[in-house]
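Biologist: Could we take a close look at a single part of this model, and then at what surrounds the chain it belongs to?

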Amino acid sequence: MNVNVAAERMKLTVDGRTVEVRPGATVLDAVNRLEIALPQLCKDHDRAPLGACRTCLVHVEGVRGVPAACHLPARDGMVVSTEHPDAVRVRRGVLDLTLSMLTPSAERDGFGQLGGAAERHELARPTWTPLHQAPIDGSKSFFVLDREACILCGRCAVACDDVQHIGAIALLGRGHAMKVGVARGGAMATSVCTSCGQCVATCPTGALRPKDAAAPIARRVETTCPYCGVGCGIELGVRTDHRLAVMADDVPVNRSSEGMLCVKGRFGTGFVHARDRIRTPRVRRDGRWHEVGWDEALDAAADGLARHHGRFGALASAKATNEDAYVIQKFVRAVMGTNNVDHCTRLCHSPSVEAMLVSMGSGATSNSYQDYEEAGCLMVVGADASANHPVIAIRFRRAMKRGAKLVVVNPKRVELCDQADLWLQPRPGTDVMLFNAMARVIVDEGLADADFIARRTEGVGAWHTSLSEATLERAAAVTGVSAEHIAQAARWYARPPVSGSCLIWGMGITQHTNGIHNAHALLNLSLVAGQLGRAGSGISPLRGQNNVQGCGDSGCIPTNLPGYQKYDEPTLRHFEREWGLRPPAMTGKVVTEMVEAFLSGEIQAMYVVGENPLLSEPDLHHAEKAFDQLDVLVVQDLFMHETAEQADVFLPAAAFAEKEGTFTNSERRVQRVRKAIDPAGDARPDWWITAELAKRVARRLGRDVSTQFAWRSASEVFDELARLTPFLGGLSHARLDREGGLQWPCPTADHPGTRFLYGETFPLGKARFIPALQTAEAAELPDPDFPFLLNTGRLLYHWHGGTLTRRVEGLMELAPRLEVAIHPSDARRLGVDTGAPLRVSSRRGELTGYARVTEAVRPGALFVPFVKLADSAANFLTNPAFDPASKIPEYKVCAVRVERLTAA
Amino acid sequence: MSEKILSRNFGVKDSHTLKVYRETGGYTALAQALGREPAAILDEVKKSNLRGLGGAGFPTGMKWSFIPKNHSGPVYLVINADEGEPGTFKDRYLLERDPHALIEGMIIAARAIKSALGFVYIRGEYVEPWRRFTAAVREAYDAGYLGQGFDIVVHRGAGAYICGEETGLISSLEGKKGWPKVKPPFPAIKGAFGQPTIVNNVETICCVPHIINRGAAWFAGLGSKTQGGTRMYSVSGRVTTPGVYEESCAITLRELIERAGGVSGSGRLKAVVPGGSSAPILAAHEIDVVMDVDGLRNAGTMAGSAGVIVFDDTVSIPEALMVVARFYAHESCGQCTPCRESTGWIYKMCHRIVEGKGRKDDLDTILDVAKRGAGTTICAFYDGAVGPYISYIEKFRGEFEALCQR
Amino acid sequence: MSVQSIAFSTGQLAEVRRLQGLYPDKRGALLPVLHMAQDTFGYVSLEVEEYVASLFGLSPAHVHEVVTFYTLYFRQPRGRHVVAVCHNLSCHLAGAPLILAHLKERLGIDVGETTDDGRITLQAVECLCACEAAPMMQVDDRYEMNLTPDKVDRIVEALR
C-alpha cells in the first residue's frame with residue numbers, strides 16, 4: 001500500500017456533522033469522535049470489537065440494512081446517520097430484547113450503560129420477561145457476579161483471557177442457555193480468578209460490580225500504583241465524601257501497564273483510609289505516646305538527632321517518591337555528615353545491583369517490558385511473577401501466545417511452571433553450577449555470540465577456565481536437574497526460535513549467602529550468548545517495591561551519590577557547590593551493618609522512613625535486641641508498626657494518594673504520582689517532613705542551610721534531583737505530565753528516553769565476565785534436629801510484610817492466615833491435612849501457621865510467605881547469615897522443624 | 001433429465017474406492033491441472049460460473065481471487081462438510097460414495113489458491129462418511145496424490161449447526177466454540193489460524209475436476225445463465241421417492257417434484273421449502289420458479305443448500321414452524337443478542353400457539369421481532385431463521401389465526 | 001471413575017501429540033482429542049476437561065466452554081448405547097413424534113434419560129441430514145433409516 005494513502009485521513013458525515021478519522025478506523029470511532037451518544041454495550045474502548053450486543057446500529061447511505069458501527073470500516077465520503085428512523089426502530093428493538101434479559105432490583109442501579117441507552121430510546125419497561133433467573137455469586141471478596149444483570153456481551157471473558165491471560169471466566173453453553181461462568185460451573189471463588197478486577201472494570205451493566213455501596217465519584221486522578229516495581233498506571237476515583245473508591249481504574253495509555261492491573265492495584269488502595277492511620281505527630285515521654293503539634297515533634301526529633309552527628313543512620317523508603325528519597329539522602333549526607341543511608345534493596349536485589357555494577361557499570365534492568373513480548377525465549381529464574389509482578393506475568397503469557405519459549409528455573413512449583421515449555425527444579429543453593437553448566441553447553445556447542453564477546457566484553461578467558469568443573473554430568477548430579485534439560489534450556493536461551501532472549505530473575509537468586517555469585521553466573525550467561533543490548537533481549541532483576549529503582553537512583557545507598565555517582569573529588573566538589581555542604585567521602589554502612597553497629601554503639605541514632613525493619617530483618621529476635629541499644633529512634637510512616645513502637649518520635653507521613661511526586665519502575669520509567677485527596681489528619685509529605693527536620697538539625701549543629709531545603713513543592717525537589725543526576729537531566733514534572741512516563745537515561749529535555757541499555761556500549765566500556773563459584777549450598781542446611789528446608793517468599797494477595805495489605809479487608813478475606821506449604825508425602829508422615837495448625841521452628845524462633853498440602857514444594861521443603869499474619873512472621877525463623885559481597889541475608893534457605901499443633 | 005456428473009458413480013459398486021474412481025476417469029483432471037498455472041485454473045473456474053453450493057451461492061472463482069496476491073505465509077483450503085441444513089443430505093452421499101472426487105477437487109483448488117494444507121471439517125454425527133473419507137485420504141496418500149505439496153487433515157466436528165457458517169467453522173477448527181467472527185476481516189484475508197483461508201462446500205469442490213476435464217464452457221452450459229453446472233437437490237418430505245437428484249440448476253421446482261415421483265400423502269401440494277429450512281417457504285402456486293440462485297432469489301426465497309422439503313395439504317404449517325423454530329432456538333450460538341433472545345422467545349410463542357394457547361397479537365409480535373432483528377447480526381444464521389418465521393406466518397396466516405383464539 | 005484413572009496411555013499420548021501437530025496451532029486438535037477422551041473415559045467429566053486442558057496448556061474454563069457448546073460431548077455418564085431420534089422437519093413430517101413416543105414407552109424413560117440397566121440413553125436431536133429416509137435415528141455410530149415402530153423394536157432389541 002502506498003504510504004501516502006495510508007497516512008491520509010478520511011472524511012465522513014455523521015448526523016450531518018463532518019468528522020475526520022484515520023484509515024483503519026471504524027464508523028463507531030467516527031461516531032465517538034463526535035461524542036454522539038450511540039449505545040455500544042459490548043465495546044471496550046481499547047479492545048477490538050466483539051460485535052455481540054448489536055446495539056450500535058446505524059444507517060449508512062447506499063448500504064442495505066442497519067450495520068453495526070463497531071465493525072464497519074469507515075470509508076471516505078460515507079454518510080452515516082444514528083438518528084435515521086430505520087436505525088432507531090431496529091436499535092430500539094434490540095435494546096428491548098437486551099433489557100428483557102435483566103431483572104430489575106434496588107441494588108442493580110439502572111444496569112449502567114444499558115440503563116442510559118434504554119432511557120434515551122424511551123424504553124421504560126421491556127416487552128419480554130427474562131428467560132432465566134440466577135442467584136448472585138458473592139463468593140469473591142471485592143465484587144459480585146450477578147447473572148440477572150448480565151447481557152452476555154462477553155467483555156468480561158475477553159478481559160480475563162485477552163487482557164490478563166488468566167482464563168478464569170468464560171461464556172458457557174450456547175444460545176439462550178448461555179451464561180457467564182467458570183470451570184466446573186461452580187462459584188467464582190472456586191476458579192483460578194485472581195481478583196484482578198479487569199472484568200469488573202469493563203462490565204457495562206454492573207453484573208460484575210464492586211461490593212462496596214456505590215458512592216458518586218467526584219473526580220478521577222491518574223497516578224501510579226503503590227505496590228510492586230512494575231509501576232502500573234492507576235486511576236483513582238475520588239468520591240464526593242473525599243474517600244477513594246474501593247476500585248481503581250486501569251490506564252490504557254500507560255506504557256508500562258497498557259491498561260492491565262492486578263488485584264492489589266485495582267482494589268488495594270484502601271489502606272489509605274485505615275482506621276489506625278497515625279494522623280498526628282507523636283512524642284514518647286515517660287514510656288507513653290503523646291500527640292503533639294508538628295513543631296514540638298520536629299524539635300524533639302531534631303534535639304535527639306543533633307546529639308549524634310556522624311553516629312547516625314537512615315533507612316529510606318522504596319515506597320516513597322524519588323523526591324522523598326532525594327531529600328533524605330541530602331539530609332543524611334549534608335547535615336548528618338555520614339553516608340549511612342540505605343533502603344530495602346539490601347534485602348532483595350543488592351547482589352544483582354552489585355554484580356551488574358561490577359560487570360557492566362549500571363545496576364538497572366537493561367530492557368523494557370515490551371522486550372519480553374518481543375523475545376523468542378524468556379528464562380525466569382527464582383521469581384514467582386504471577387504472584388509478585390502479576391502484570392509482568394501477563395506480558396510473559398502474551399509472549400508465549402506469540403510463540404516464545406518459557407523456561408522457568410525454580411525449586412518451587414510456581415504458577416508459571418504450569419505454563420512453561422521447560423521447568424528446571426534445581427536443589428536450592430545450586431544455581432551457580434546450573435548456570436555455569438548452561439554456559440558450557442553454549443560454548444561447547446558453538447552457540448556463543450563470538451562477535452559480541454570479542455567486541456563488547458573482556459575476561460572471557462579466565463571465566464572460561466572457571467567453567468571446567470561445570471560439566472553436564474556433574475551439574476546434573478549437583479543440581480538434580482537432568483543433563484538433557486540443562487542443555488535444552490541453554491540452547492533455547494542462546495538461540496531462541498525468533499528474536500532474542502530475556503533473562504529475568506527474582507529473589508530466589510539473590511537472597512542467598514552466595515547471592516552475588518548467582519547473579520554473576522546469570523550475567524555471564526547473558527554475555528556469552530550476547531542476549532542484551534537489542535530489542536527482545538535483556539537482563540531484568542524484578543524489583544519488589546514500587547520505587548526501589550528510584551530510591552537507589554536518588555542516592556539512598558551508602559556507596560554512591562544520586563545517579564550512582566562516585567565519591568570522587570570532582571563529584572564531591574560539584575555537590576558541595578550545589579548543597580553548600582560537602583558530602584562525606586567515605587562509603588557508609590548498609591542496613592544490615594547498621595543494625596550490627598547499634599550493638600557496637602557506632603550508631604546511636606536512627607531515622608527510619610516508611611520501613612519496618614523489625615518485621616523485614618532476618619532473625620527478628622536479634623534485630624529487636626539491636627534496636628533496643630539505640631539512643632534516638634525517629635520513625636516516619638503511615639502506621640504504628642513493630643519498629644515504630646520502639647521509637648522516640650513518630651512523624652505521620654502522607655500516603656501515595658495524598659502527595660505529588662514520581663516513582664521509577666523496573667523498566668526505568670519515571671512516572672508521576674499525583675495527589676488525589678488531602679493527607680489524613682495532620683500527616684505531611686515525606687519530603688516536607690525531612691526538609692523541616694534537616695533545617696532544625698542544621699540549626700542545632702550550627703550549619704548554614706538557609707538556601708537549602710527550601711523547596712516549595714515536590715516539583716522543585718525533582719528539578720534539583722534532575723540537575724544533579726545526568727541520566728534524569730531531561731525530566732521534570734511538567735514534561736512527565738505532558739508526555740507520560742519516560743525511561744532513563746533521558747539526559748536532555750529533547751531526549752525521548754531509552755528503551756534498552758547497552759545498545760552500543762557499557763558504562764564500563766566493555767562488560768566483564770566475572771567467574772562465579774559454586775560455594776556451599778547454604779549457610780544452614782537441614783540436620784536431624786531441624787530436618788526441613790524453609791523457603792520464604794510472597795503471596796499475590798499480600799504485599800511483603802503485609803503492613804498495607806493487612807489493612808485492606810477484601811485482601812485479608814482472600815488470604816486471612818499464614819499458610820505453610822508442605823509436600824503431600826511430608827504431610828502424610830506428620831498426619832496433617834490442609835488447614836491443620838502447625839508450628840514451625842528454627843534455631844532462632846518459631847511461628848504458627850496452617851498447613852497447605854501441595855506438590856508446589858519438594859519433599860523435605862516448606863514454604864512460608866514473609867507476610868505477618870496473626871502475629872506470626874517467617875523472619876522469626878530466618879538466618880541472618882549474609883552474602884559477604886552484597887550483604888544480603890539468606891532469606892531463602894534455613895533449616896527448620898515442623899510439628900502438628902493440636903487444635904486449641 | 002440431465003447428464004449425471006457428480007452422481008455418476010453413485011450406483012457403481014465400491015464407488016468410494018480409488019480403484020473404481022480411477023477406472024471411471026478419476027485423477028485425470030489433476031494430471032491436467034498440474035500442467036497449468038494457478039492463475040489459469042482460477043480463470044477456468046471463474047468462467048465456469050461455478051457458485052458455492054453450500055448455501056450462500058457466492059461465485060467460487062471470485063472467492064478464490066480474494067486471497068491476497070502478495071501474501072507470503074500459508075494459505076488454507078477448508079472444506080465445509082458440516083452438512084446440517086435441515087432437508088439437505090447431498091454432501092453425505094458425496095463423502096460416502098465419491099470421496100476421491102473431493103480429494104481431487106481439493107488438490108486442484110489448492111493449486112489455484114497456492115495452498116499447501118487443507119482441512120475437511122466433517123460434522124461429528126457423520127461417523128460413516130468420516131470413516132469412508134478418511135480411508136480415501138489414506139489411499140490418496142499411498143498413491144502419492146497427497147503429500148506432494150498438499151496435505152489434508154480430516155477434522156471431526158462435535159455437534160453444532162452453526163459450524164456450517166464459514167467463520168463459525170473456522171472458530172471450531174481452531175478448537176474453540178463455533179462462534180462466527182465479525183467481518184471484516186473476511187476469511188480470504190484472515191481466516192483459519194489467522195491466515196488467508198478459502199472455505200468451500202463439498203459439492204462445490206467436487207465440481208472442480210469436471211470443469212478442468214471438460215472445460216468451463218461446457219460446465220457453464222449445463223446450468224442457467226448465471227450459474228453453471230448441475231446441482232444435487234435433496235428432496236424429502238411428502239414426495240413419493242425422496243432422495244438426491246442431480247439436475248441442471250435451470251430446472252423448475254415443479255419439474256423437480258415430478259422427478260421425485262410427485263406429491264405423496266394426500267397428493268395435493270400445499271407448500272415447499274426450496275433450499276433447506278432457512279429458505280422462505282413457497283406456496284403451491286409458486287412452484288414454477290427456476291431452481292438457481294437468482295431464480296429463487298427473485299421469488300423471494302433462496303436456493304440455499306438445495307434441500308427441498310415438500311408439504312402436502314395435510315401438513316399443519318404452525319406445527320412445522322414450531323419444529324423449525326425449535327431448531328433455530330437450539331442452534332443459535334448465543335453470541336448476538338437479537339438472535340439469541342429472539343430465537344428463544346419465538347420458539348416459546350410458536351409452542352404456545354400450537355398448544356392452542358396463543359394470543360391474537362402473538363403473530364404480529366413474532367413478525368415485528370423477526371423483521372427488526374433481520375440483518376442485525378454477525379452471521380446469516382438469524383436471517384435464516386427469520387425467513388421461515390415471516391414467510392410461514394404471512395403466507396399461511398389464516399392457519400395460525402385459527403389456533404390463536406385468545 | 002476415580003481421579004487417578006484419568007490419563008491416556010502412552011500410545012494415546014503419542015496420538016494426542018500427532019493430532020496437535022496436524023494443526024498450525026495445537027489447539028486445533030481440541031475437538032478431536034475431546035472425542036478421544038470421551039471414547040476412552042466414557043464421558044467428558046469435569047476431571048476429564050481438566051486433564052485435556054492440561055494437555056493443551058489451556059485454562060479448564062476454556063475447555064469447559066467448548067464442551068458445553070457442542071452437543072456430542074456427554075457431560076454425564078451415558079448408556080452403553082445412545083439412541084438419537086431426529087425430530088426436525090422431514091422426520092417430523094414422516095412421523096418422528098410417533099417414533100419418539102414409542103421409544104419412550106418401550107424404554108420407560110424420557111428424552112435425555114438412560115435406562116436403569118445403563119443400556120440405552122435416549123435423545124431427540126436436530127437434523128441428521130438423512131431426510132430421504134425419514135423418520136430416522138442414529139444408534140451409536142450408525143444411521144437407522146425409514147423407521148417404523150416394528151423396526152425400532154427390532155433395533156432396540158439387538159442392543160445389549
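Against which helices do the buried residues of α3(C) pack?

Modeller: A caution comes before the answer: this is a predicted model, in which local features need pLDDT of at least 70 and side-chain atom pairs count only at pLDDT 80 or more, whereas totals for chains, interfaces and linings use all residues. Residues are numbered from 1 along each chain as its sequence is written, while chains are lettered from A and ligands numbered from 1 in the order in which they are written.

The buried residues of α3(C) pack against α2 (30-41) and α4 (60-69) of chain C, where helices are DSSP runs (H or I, at least four residues) and strands are E runs of at least two, numbered from the N terminus. Helix α3 itself spans residues 46-56 of chain C, and its buried residues are Val48(C), Glu49(C), Val52(C) and Ala53(C), buried meaning that 20 or more other C-beta atoms, placed from the backbone, lie within 10 Å of the residue's own. Seen down the axis of α3(C), these buried residues fall within an arc of 140°, so they line one face of the helix; the arc is taken from the directions between axis and C-beta atoms. Just after α3(C), Gly57(C) takes a positive phi of about 65°.

Turning to the surroundings of chain C, 33 of its residues are in contact with 44 residues of chain B, contact requiring C-beta atoms within 7 Å. On the side of chain B that touches chain C, the elements giving two or more residues include α7 (127-142), β3 (151-156) and α13 (317-331) of chain B, and α13(B) supplies the largest share, six residues.

Key
A residue is buried if 20 or more other C-beta atoms lie within 10 Å of its own, exposed if 12 or fewer, and partly exposed in between; C-beta atoms are placed from the backbone. Two residues are in contact if their C-beta atoms, placed from the backbone, lie within 7 Å.
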